[in-house]
Amino acid sequence: MGLLNASQLAVRAARCRLSPLSTSKSWLSTKTAPLGDKNILLMGPPGAGKTTVGKIVAHKLGLPLVDVDDDVLEATWKMPVAAKLAAVGGKRFLEEEGQALCNFSASGCVVSLTGSNPLHDEAMQHVKQGGLVVYLDVDGEDIIQRLTRMKVNRVVGQEAGVSMRDILLYRKQFYEKWLDVRVLCGTGDTVEEVAEKVLKAVRRYENRDEETFVSTRCDSAGRSNQKSYFSDVVVEGLAADGGLYVPKNGFPKLDAREWLKLAAMSYQERALVLLEKCIHPLDVSALDLRTMIFKAYGSNFSSEAVAPVKHLMHNQYIQELFHGPTASFKDLALQLMPQLFAYCLPPMCNYLILVATSGDTGSAVLSGFSRLSGVDRHRTGVLVFFPEEGVSEIQKLQMTSYREGNARAVSVLSDFDFCQRTIKRMFGESGQTGHLAVEYGTVLSTANSINWARLLPQVVYHSSAYLDLCRDGVINFGEPVDVCIPTGNFGNAMSAVYAKQMGVPIRKVICASNHNCVVSDFITTGEYDLRGRPLMPSHSPAIDILKSSNLERFIYHVSHGGSRLVRDLFTRLDGQQHFQFPEPLLGRMQQEVLAGWCSEDDCLAAIQSVQAQTGYVMDTHTGVAKVVADRLQDGSCPVVLCSTAHYGKFAPAVFKALQAQNIPEDPVEQLKKLEVAASRPETHREMMRCLKESGRRRHTVCPADYSVLVEEVESMIQDSFLKVM
């Protein structure tokens, strides 16, 4: 898979070049600019401080400053801008302003655009060819105050009766359309602070090599000169040495004022700002990322809030992560990840996504990839392996309902760990992957949480939960919260750790296990022991996992990049089914996370108790989190319970918890009966629709045999890609 990097990067390497134009005046820097001959184009609303910030940036870089108002418009019109606006009116002004900018040429300068330049497409296309557009995303109240001090009560395009706030909100869409990089400005940021952020953003843009990824198992001595960028790791999924990709230099950190600015934003806007900071714009452009995010979290979610936080009781809050199309928290990542994957694909190859699931991931992957269209959909197939007896009936119906196009799910007469181990083995055998590439022109990848693009979007909802509590007045920014997460493969918990690394004041990440409590035991004792440990069925099958993949990332994090330690521990686990974590690091691990587990009876009792007291019906995984939070959380700060699935996905267990009688056999009728018992949350309409349409379909059941699953992979490739060819 690493051989594809060259073609991958070639796709991303094509950049615009500045074309010489005939113009009345031209600016040319005689100094070496950070971006070569490209200009730094400062864009933002009136009152954003573009000119003042531009002066500071130009001075620090030793570059010429071009103020479009003074140096282009007034020089062209031979009159003040205000006089021109009064003479021709707003509509004509925008056109003449745009034409003046189309005749402008500069190289290696800092250019302060006007607030209305982005409203003229032709002009922006022209200047963007020769520059990097830096959007000063300044707090709206700061802008209003500045304009008031400047005695500006009306701007270009503002009709009578339209407030300044409304016109600024209207213009925001144009700034979002043209930006290359965003400078997020917190409330009260000074122009000097904004200028420093501009310089940092420009340095980031030109130093893409600072945002590479490394394997958790590869130390510096073993690293090749070949760099892995975001666009590489999204497609590759698993590192060639069997490790998991992590950002070499960690996560960016936001300051308190930046977080407070995010508190007033929608979920989609929060996701956009946070992911822009984590994905280099040369891997995914800001405009394309915006398009993906608003498609991922749109009408396909049953809640406009996407991942709302609701008060449960006392100091406990529930973040509802089940409003996506498959009623699971996996939708928060898997409505976006397929779009990122398709965007980063190198040309001329087909890709087969292999997925092992303990229940929720399978239907979420199938749903997400089925929303791709055109060439992307034809070049990408999805094959899901799930344990035949290890998922709920509704989960099985959801997965087997996808039988059209390049997607299917097959069950295995074993457990999740066997499915996951089989996929890792396929990736690890160079002969197997080489055979598929040569014979079928198909490359394997994965959408499990071992894929970085699957894990990264989950950081957003942990951040969003904290911001919701700030917005609603439950806490002030900086005050701590705990997060309690039903934990199996550790991806959800790891994303909370990463949110903390970005600056979210999470005190403790509490990992909640059912009776398959190997992760809980490890965090408590430092011993990871699979010897003679069977996987036991439970009412919470999504966390019925013994070999937790993302724990590898956590150990890498706790050991501060100890790749040799990670490699040794997981090699030992593969060979001996056991390892002991070094004692000095155990204390460091326990500073970040707590862990506990609960019995099946305790889980069901929690569901019944909460329903009786509040009318709220939890699913079984949330029940596990509730029990563990009650035991481990000290009540000194709010705790957010991650509700990872809608209760309807596990109807039989919920009926048992509520001690219901006369339970119908049909899953649709089960949901209808549960709806009567639950005053909240509401019934998941999309899940209900899916079950009504799917009915009971036959699906392939495979023995627990590696060679049989390899045959399924080859059959999938032949059916999906060769017939199309």
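Colleague: Is Lys-330 buried or exposed?
Modeller: Burial is read from relative accessible area, computed with a 1.4 Å probe on protein chains only: under 20% is buried, over 50% is exposed, and in between is partly exposed. Lys-330 has 8% relative accessibility, so this lysine counts as buried. This is a predicted model, in which local features need pLDDT of at least 70 and side-chain atom pairs count only at pLDDT 80 or more, while totals for chains, interfaces and linings use all residues. Residues are numbered from 1 along each chain as its sequence is written, and side-chain values use heavy atoms, leaving out hydrogens and water.

Colleague: Where is the place of Lys-330, and what does Lys-330 touch?
Modeller: Elements are DSSP runs numbered from the N terminus: helices are H or I with at least four residues, strands are E with at least two. Lys-330 is in the loop between strand 11 (316-320) and helix 14. Contact means heavy atoms within 4.5 Å. Not counting residues up to four places away in sequence, Lys-330 touches Asp-360, Thr-361, Ala-364 and Arg-454.

Colleague: Which UniProt annotation covers Lys-330?
Modeller: Such annotations may be inferred rather than shown by experiment; their positions follow the numbering used here and feature names are shortened. The unreviewed UniProt entry gives "modified residue: N6-(pyridoxal phosphate)lysine" for Lys-330.

Colleague: How many aromatic pairs does the structure hold?
Modeller: A pair of aromatic rings is described by the distance of the centres and the angle of the planes. Rings of Phe, Tyr and Trp (its six-membered ring) pair if their centres lie within 6.5 Å; planes under 30 degrees apart are stacked, over 60 edge-to-face, and the rest tilted. The structure holds 19 aromatic pairs. In one of them, Phe-251 and Trp-452 have ring centres 5.8 Å apart and planes at 50°, so the pair is tilted. Phe-251 sits in the loop between strand 9 (245-247) and helix 11 (256-263), Trp-452 in helix 21 (residues 452-471), and the two are 201 residues apart. Phe-251 is buried at 11% relative accessibility, and Trp-452 is buried at 2%.

Colleague: What is the geometry of the pair formed by Phe-522 and Phe-581?
Modeller: The pair is edge-to-face, 5.6 Å centre to centre with 70° between the planes. Phe-522 lies in helix 23 (residues 518-525) and Phe-581 in the loop between strand 19 (578-580) and helix 26 (583-592), so the pair ties together parts 59 residues apart in sequence. Phe-522 is buried at 0%, as is Phe-581 at 1%.

Colleague: Which charged ends sit over a ring?
Modeller: The criterion is NZ of Lys or CZ of Arg within 6 Å of the ring centre and within 35 degrees of the ring normal. Arg-208 sits over Tyr-229, 3.9 Å from the ring centre. Arg-425 sits over Tyr-706, 3.6 Å from the ring centre.

Colleague: How many residues has the largest nonpolar core?
Modeller: A nonpolar core is a set of buried Ala, Val, Leu, Ile, Met, Phe, Trp, Tyr and Cys residues joined through side-chain atoms within 4.5 Å. The largest has 117 residues, and Phe-230 and Tyr-297 have the most contacts inside it. Helix 21 supplies the largest share of this core, twelve residues. Leaving aside neighbours within four places in sequence, Tyr-297 is in contact with residues including Tyr-267, Leu-336 and Pro-457. Leu-336 lies in the loop between helix 14 (331-334) and helix 15 (337-344) and is buried at 0% relative accessibility.
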